Amino acid sequence: MLAKGYDVHGIIRRSSVDYRERIAHLEGRPNFHLHYADMSDSMSLVKLVGKVQPTEIYNLAAQSHVQVSFDAPEFTADVDAVGVLRILEAVRTNHLEKTCKIYQASTSELYGKVEEVPQSETTPFHPYSPYAVAKLYGYWIIKEYREAYNMFCCSGILFNHESERRGETFVTRKITLAAARIAQGKQEKLYLGNLSSLRDWGYAKDYVECMWLILQQDKPEDFVIATGVQHSVREFAYHAFKAAGIELKFEGEDIDEKGICVNGPANLVGKTLVEVSEDFYRPTDVVNLLGDPTKAKQTLGWNPQKTSFDQLVSIMVKHDMEKVAAEHVASVMRTNLAEYLEKGVVK
Ligand code: GDD
């Protein structure tokens with residue numbers, strides 16, 4: 001958005017620790033502004049929308065971890081469901097409904113216990129987690145305000161979109177970081193949940209371009225954004241480890257399945273590097289997501305294959321190999337400095 005010349009305003013929540021690593025490179029730019037507000041605080045949203053008078057709102061705010069939504073269902077509903085309503089009402093309260101377009105981050109999790117494969121804009125929803133149920137409300141309230149008040153508000157039904165900035169507890173990033181750490185001797189093993197779960201993984205950078213395209217159309221519509229290609233968690237792990245120089249062979253079934261190193265650094269060959277743990281199983285899990293991006297291709301002119309699965313894996317692994325190596329250098333320097341300080345070599 002900054003590259004396109006927009007003034008960008010983002011909301012942040014107060015925290016006593018710094019959690020802005022992923023936007024640190026943007027801070028200080030003249031067109032980039034951050035404001036304290038919260039999706040659970042209507043007044044903060046109403047005041048901010050009134051002050052900024054936005055022409056486009058991208059609502060990506062969410063408690064977005066599916067497994068966590070089983071532990072914090074009420075918070076998830078407040079932010080992911082009612083939060084969307086609060087934004088719509090903030091726009092209406094400030095009389096901006098004719099000038100402000102709204103993009104809502106809807107999700108392939110809406111298809112949940114899938115009723116058809118692949119999933120398109122016409123596939124029935126069957127949400128299968130507290131997160132997905134909350135997101136279903138968000139999807140419908142956007143549609144309702146579009147029809148009731150003639151507002152330009154749309155959903156992008158995005159399938160999993162990954163990148164080097166992905167949170168470390170989502171499965172792709174958990175795997176690429178672990179592969180990098182194991183390859184560099186910083187971790188022994190990776191524990192995962194359901195290895196057979198199937199996902200349609202795309203590159204987040206390509207997907208955000210689509211979010212913008214959705215708001216540039218003449219009429220507000222919902223779109224499925226996906227690659228149309230499906231892989232299992234097991235396959236993702238295989239390719240990520242391979243990109244880190246380790247070849248895995250998977251043996252066994254369900255909870256007893258293991259990923260064993262069959263090729264790679266001599267000290268790892270023959271070792272079990274991936275195991276399954278019940279801790280990462282969900283009470284209900286969505287296991288067969290595959291999107292049909294035909295409408296986005298035809299209407300938005302979007303290319304779902306811009307970044308292939310192999311390229312995505314290698315971008316993420318390369319980034320994490322460098323991150324782990326840099327952390328190692330930083331930790332050696334810290335240790336040396338502490339030693340020198342202790343010995344009085346430096347003061
Ligand atoms: N997180 C995680 N950790 N997932 C695991 C693990 C593990 O150790 N092992 C297996 N999985 C399986 C999960 O059971 C799930 O079926 C799949 O890997 C993907 O899990 P996540 O990466 O956590 O993503 P998600 O598909 O549940 O949700 C993400 O994508 C949605 C879009 O479809 C999130 O970003 C959602 O916010 C988003 O809506």
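## Stop one: a helix pair

Start with α1 and α3, where α1 passes α3 in a right-handed crossing (right-handed if the near helix is turned clockwise from the far one by less than a right angle, left-handed if anticlockwise). Select residues 42-52 for α1 and 73-93 for α3; helices here are DSSP runs of H or I with at least four residues, and strands are E runs of at least two, numbered from the N terminus. Now show side chains: S42, L45, V46 and V49 of α1 touch R86, I87, A90, V91 and T93 of α3, contact being heavy atoms within 4.5 Å.

A word on the model: it is predicted, local features need pLDDT of at least 70, side-chain atom pairs count only at pLDDT 80 or more, and totals for chains, interfaces and linings use all residues. Residues are numbered from 1 along each chain as its sequence is written, and side-chain values use heavy atoms, leaving out hydrogens and water.

## Stop two: salt bridges

The whole structure has 17 salt bridges (a Lys or Arg side-chain nitrogen within 4 Å of an Asp or Glu carboxyl oxygen).

- Pick E27 and R20: their closest N and O atoms are 3.1 Å apart.
- Next, R166 and E162 pair up at 2.7 Å, N to O. Both R166 and E162 are buried (under 20% relative accessible area; exposed is over 50%, partly exposed in between, with a 1.4 Å probe and protein chains only).
- Then select E275 and K189, bridged at 2.6 Å, N to O. E275 sits in strand β14 and K189 in the loop between α5 and β7, so the pair ties together parts 86 residues apart in sequence.

Notes:
Axes fitted to C-alpha atoms, helices over the stretch in contact; angles between N-to-C directions.
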